[in-house]
Amino acid sequence: MKLLYIEELDSTNRWAKENVDVLDDMTVVYTYNQTAGRGRLNRSWSYMGEGNIYASVVLKPSDRMSEVYSNLTQLLCLVLAQTFEEYGAEPKIKWPNDIRINGKKISGILAESVIDLNHELKGIVLGFGVNLNVSKDLISSIDQPATSLNLEIGINIDKELFLKNLLDKFCLLYNDFIREGFLLIREDYKRRAEFLNKEVSVKVFDKIYSGVAVDVTESGALKIVDKDNNENILLIGDIL
Ligand code: BTN
């Protein structure tokens, strides 16, 4: 992987998308000063100081969209969880790609694709923010329960080393993942899922689906069963 550090950016995702033509496949753009980070569903990603990671991986697997590309956030989510575990933390996955520790969010992933006028795929930008070193005061000032690795394990984290560990894991699995799809990681992903066998409500655009989350399918979708025993397979959505 090629690492590209930029001292300050509004958003690594925005910058990577704008420069996708000149960036090689497997380039990681990162900064420690992100001034206007973006999250999913038009939310923002708060700046938590320069002890944390704000990064985007640029991937160019082919010029045609493929179903498996939408599962790449789940691959990144799994390797993030595995990296947190190496530090002794116990991360849990909230489908599809949030990671929480003790019920509090510690990282976020935003995947965006760049498609040209001929419908060719120019690249996929996989952005992620990881809270590694945040003060207690700052973390409690944001609008949802959040945490940071230093607060969970009581030591300061070497952010460069964390990033290296994470990207090494991602690279090791990436080619097989593109070939084999979500099935490659399904069991490892499910083992860390905090939602399975629990009653959940999932928001998909304007609709809410409620029921017991019984499985994550071979293609990474969430299977829920409602009180009348109807099955719903959800490909996108947010567990509320
Ligand atoms: C979410 O949980 O809603 C996704 C948050 C993604 C934040 C990261 S930080 C680096 C990259 N650049 C952005 O503007 N957003 C992503």
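Colleague: Let's begin with Cys171. Buried, exposed or partly exposed?

Modeller: Cys171 has 28% relative accessibility, so the residue counts as partly exposed, that class running between 20% and 50%. Keep in mind that this is a predicted model.

Colleague: What about Cys77, buried or exposed?

Modeller: Cys77 is buried, at a relative accessible area of 0%.

Colleague: How many disulfides does the count give, then?

Modeller: The count is 0 disulfides. Cys77 is in none either, with the sulfur of Cys171 as its nearest cysteine sulfur.

Colleague: Switching to Lys169. Where does that residue sit?

Modeller: Lys169 is in helix H5, which covers residues 159-180.

Colleague: Is the lysine buried or exposed?

Modeller: Buried: Lys169 has 16% relative accessibility, and the limit for that class is under 20%.

Colleague: What does its side chain have a polar contact with?

Modeller: With the side chain of Glu86, at 2.6 Å. Leaving aside residues up to four places away in sequence, Lys169 touches Val79, Gln82, Thr83 and Glu86.

Colleague: On to the ligand. How many residues surround it, and which are closest?

Modeller: There are 19 residues around the ligand, and the closest are Ser11, Thr12, Arg38, Arg40 and Lys105.

Colleague: How much of the ligand's accessible area does the protein cover?

Modeller: The protein covers 98% of the 420 Å² that the ligand has on its own.

Colleague: Last topic, the sheet with S11 and S12. What is the strand order?

Modeller: The order is S13-S12-S11-S10-S14, an open sheet of 5 strands with antiparallel pairing. S13 (231-234) and S14 (238-239) are the edge strands; each has a single partner strand, so one side of each has no neighbour in the sheet.

Colleague: And how many bridges join S11 and S12?

Modeller: S11 (residues 207-216) and S12 (residues 222-225) pair over 4 bridges. Ala213 has Ile224 in S12 as its bridge partner.

How values were computed:
Residues are numbered from 1 along each chain as its sequence is written. This is a predicted model: local features need pLDDT of at least 70, side-chain atom pairs count only at pLDDT 80 or more; totals for chains, interfaces and linings use all residues. Side-chain values use heavy atoms; hydrogens and water are left out. Helices (H or I, at least four residues) and strands (E, at least two) are DSSP runs, numbered from the N terminus. Buried means under 20% relative accessible area, exposed over 50%, partly exposed in between (1.4 Å probe, protein chains only). A polar contact is a pair of N or O atoms within 3.5 Å; within protein, one must be able to donate a hydrogen and the other to accept it, and residues adjacent in sequence count only if both atoms are side-chain atoms. Contact means heavy atoms within 4.5 Å. Two strands pair if DSSP finds at least two bridges between them. A residue is near a molecule or strand if one of its heavy atoms lies within 4 Å of it. Accessible areas come from the Shrake-Rupley method with a 1.4 Å probe; for residues, only the protein chains shown count as cover. A disulfide is a pair of cysteine sulfur atoms within 2.5 Å.
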